[in-house]
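Me: I would like to go through a structure step by step. May I show it here and then ask about its parts?
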Amino acid sequence: MINAIEVNNLTKIYNPKSKNAVTALSDFSLTVEIGKIFGLLGPNGAGKTTLIKILLGIVFQNSGNAKILEEDISNYKVRTRIGYLPENHKFPNYLNGEDLLKYYAKLSGYNENDLSKRIDELLALVKMNKWRKTKVKKYSKGMLQRIGLAQALIHNPDLIFLDEPTDGVDPIGRKEIRDILISLKNEGKTIFVNSHLLSEVELISDRVAILNNGKLIKEGSVEEFTTQKEVYEVKLNKEFDSDLITNLLISYEIFEFKKESFKVKVKDETELDKITDLLRQHDLGIRNLNNIKTSLEDIFINLINKN
Amino acid sequence: MNNIWVATLLTIRETFSRKIFILFAGVSTLVLLLFGILFISVSAENFPVVGTDIQISGMDIGSEISKAIKLFIVNPLYGLGIFLAIFSVSSIIPQMLEKGNIDLLLSKPISRTQLILGKFFGGNIVVLANLTYLIFSLWLMIGIKFGDWDLTFLWSIVIITFVFAVLYAMIILIGIISNSSILAMMISYLILLILSPILANREFFYQLFESKIAEFFIDGLYYFIPKTAEISNIISEINVGMGIEDFQPILSSFAFLILNIALSIIIFSKKDY
């Protein structure tokens with residue numbers, strides 16, 4: 001399996017020799033598979049942006065190493081295959097949308113003859129065609145994010161880093177950006193997203209990592225994060241007496257009783273089988289058995305609090 | 001090389017978009033207009049030649065007057081040209097280093113060395129273009145008016161651009177270290193208007209301090225700092241047909257340029273943004 005990103009034991013300390021030394025990353029390791037959407041989550045100051053900046057050569061690590069698309073990050077030429085939308089970007093405000101894309105295409109080493117066609121495609125994709133001749137300084141925050149995304153894609157990169165891509169974008173715009181990212185993934189691109197909007201990351205990411213105080217707390221697929229294997233909701237085919245269930249399942253942790261359902265916490269599937277058998281023996285038919293999912297946001301808050 | 005060219009072109013474009021550059025071009029145009037009006041309204045024979053003792057005689061009248069005019073305008077032109085040029089480029093580096101902009105630039109497949117060289121060449125090309133517009137137009141006007149087509153006046157373009165390049169290299173270094181366009185401008189003007197003219201007459205200070213250590217220190221400062229005042233004299237000498245007698249001011253200033261650019265690249269290549 002080819003990895004788009006391989007990070008090994010990265011440590012970054014800002015002002016290491018001063019009293020105000022700040023450890024942004026501490027012995028941090030991570031791999032991101034090619035063709036996936038990877039979401040990096042963490043509270044403010046967790047080290048998310050520092051990680052991206054190290055990978056892009058904007059900041060230098062104190063120790064450790066990293067590879068992007070199988071090239072060492074010190075090789076600036078690998079950036080011909082990378083797109084980046086930073087948080088709080090600042091574009092040359094004397095340019096209009098179309099010229100801005102030409103400007104970054106040149107800087108990105110895009111020398112194809114089809115640049116005008118590429119610009120047309122991207123402006124249509126991010127729905128900025130109407131404002132292509134308007135100066136960037138007149139753009140709203142949402143428009144700047146859209147043109148910023150187009151800028152990150154102008155040279156058709158294989159790996160795209162997005163730092164808070166939907167910041168300042170309205171809900172419809174956010175949905176559009178999510179759709180763009182999913183279609184890019186379907187084209188085989190790898191996308192690395194830093195975001196505070198956990199629900200969005202949950203919607204698009206294949207894998208997620210949580211970073212706090214420069215350390216990786218947890219990494220896994222969204223499914224692994226959000227599925228609580230041990231909690232099930234049991235729906236019965238008729239109303240029941242909660243005392244009966246409580247007595248019946250006295251050795252189990254039962255909670256959230258409703259008219260026809262309750263939740264139960266089990267250690268494994270064998271326990272779950274035992275519970276269903278017990279219920280059936282007492283003429284309590286099971287209509288539905290659901291593994292309870294928790295939102296990424298709840299998991300995130302729990303993990304950060306524990307940490 | 002291609003990357004340096006791209007960075008150069010983008011710097012030129014960025015500089016052309018600045019209001020300060022428009023002011024630079026506007027002042028140049030105003031100077032040209034003033035001379036144009038003067039040349040149209042006053043005949044060659046009646047032309048006022050201030051501060052010169054030219055013997056106007058026979059066929060040389062046009063050539064002599066034009067030489068006097070060139071001498072008369074070349075030093076103010078030098079001062080004005082450098083002053084405006086410094087003003088128009090001093091914010092190139094601080095603007096490049098602005099958060100949000102530098103992140104994007106450094107994430108592109110262009111090395112930090114190429115970026116600095118592109119900024120350096122771009123700024124110089126813009127100033128060269130403006131000085132060429134001003135000085136070539138003046139040369140053309142003088143030629144039409146007095147029939148003097150001596151090309152030595154055009155050397156002013158090269159020399160003024162060179163002096164600017166030396167100071168601009170320092171502006172880049174100060175910009176990278178301090179991220180301040182005001183500090184870069186202040187130090188440039190300090191060298192241009194105060195330090196270099198004073199150090200050009202350093203013998204006076206030897207007498208004032210009467211100390212070998214002070215003499216050594218003043219000499220060190222003299223050889224280190226760009227010799228803008230002496231290069232100004234070189235321009236005047238060239239324009240009266242004397243040629244360059246001493247290349248030391250040019251060579252030591254060039255060494256200063258190289259040192260500043262090298263330090264800029266080294267510091268910029270190691271900094272976090």
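Me: What pLDDT does chain B average?
Reply: This is a predicted model. Chain B averages a pLDDT of 88, and 93% of the residues score at least 70.

Me: Where in chain B is confidence lowest, and where is it highest?
Reply: The lowest confidence is in helix 9 of chain B (residues 203–209), with a mean of 79. The highest is in helix 12 of chain B (residues 248–270), at 97.

Me: And which ipTM and pTM does the predictor give the complex?
Reply: The complex receives an ipTM of 0.81 and a pTM of 0.84.

Me: How many residues does each chain bring to the contact?
Reply: Chain A contributes 22 residues and chain B contributes 18 residues. On the side of chain A that touches chain B, strand 6 (82–85) and helix 2 (97–107) of chain A each supply at least two residues. Helix 2 of chain A gives the most, with three residues.

Me: What is that side of chain A made of, by class?
Reply: The side of chain A that touches chain B has 12 nonpolar, six polar and four charged residues.

Me: Changing topic: is strand 7 of chain A mostly covered or uncovered?
Reply: Strand 7 of chain A (residues 159–163) is mostly covered, as five of its five residues are buried. A:L159, A:F161 and A:D163 point one way from the strand, while A:I160 and A:L162 point the other way.

Me: Which strands are joined to strand 7 of chain A?
Reply: Strand 6 of chain A runs parallel to strand 7 of chain A and is joined to it by four bridges; here A:G83 stands opposite A:I160. Five bridges join strand 7 of chain A to strand 8 of chain A (residues 190–194), and these two also run parallel. A:D163 stands opposite A:N194 in strand 8 of chain A.

How values were computed. Residues numbered from 1 in each chain as written. Chains lettered and ligands numbered in written order. Predicted model: local features only at pLDDT ≥ 70, side-chain atom pairs only at ≥ 80, totals over all residues. Contact = placed C-beta atoms within 7 Å. Nonpolar A, V, L, I, M, F, W, Y, C, P; charged D, E, K, R; others polar. pLDDT = per-residue confidence, 0-100. Buried ≥ 20, exposed ≤ 12 C-beta atoms within 10 Å, placed from the backbone. Pairing = 2+ DSSP bridges.
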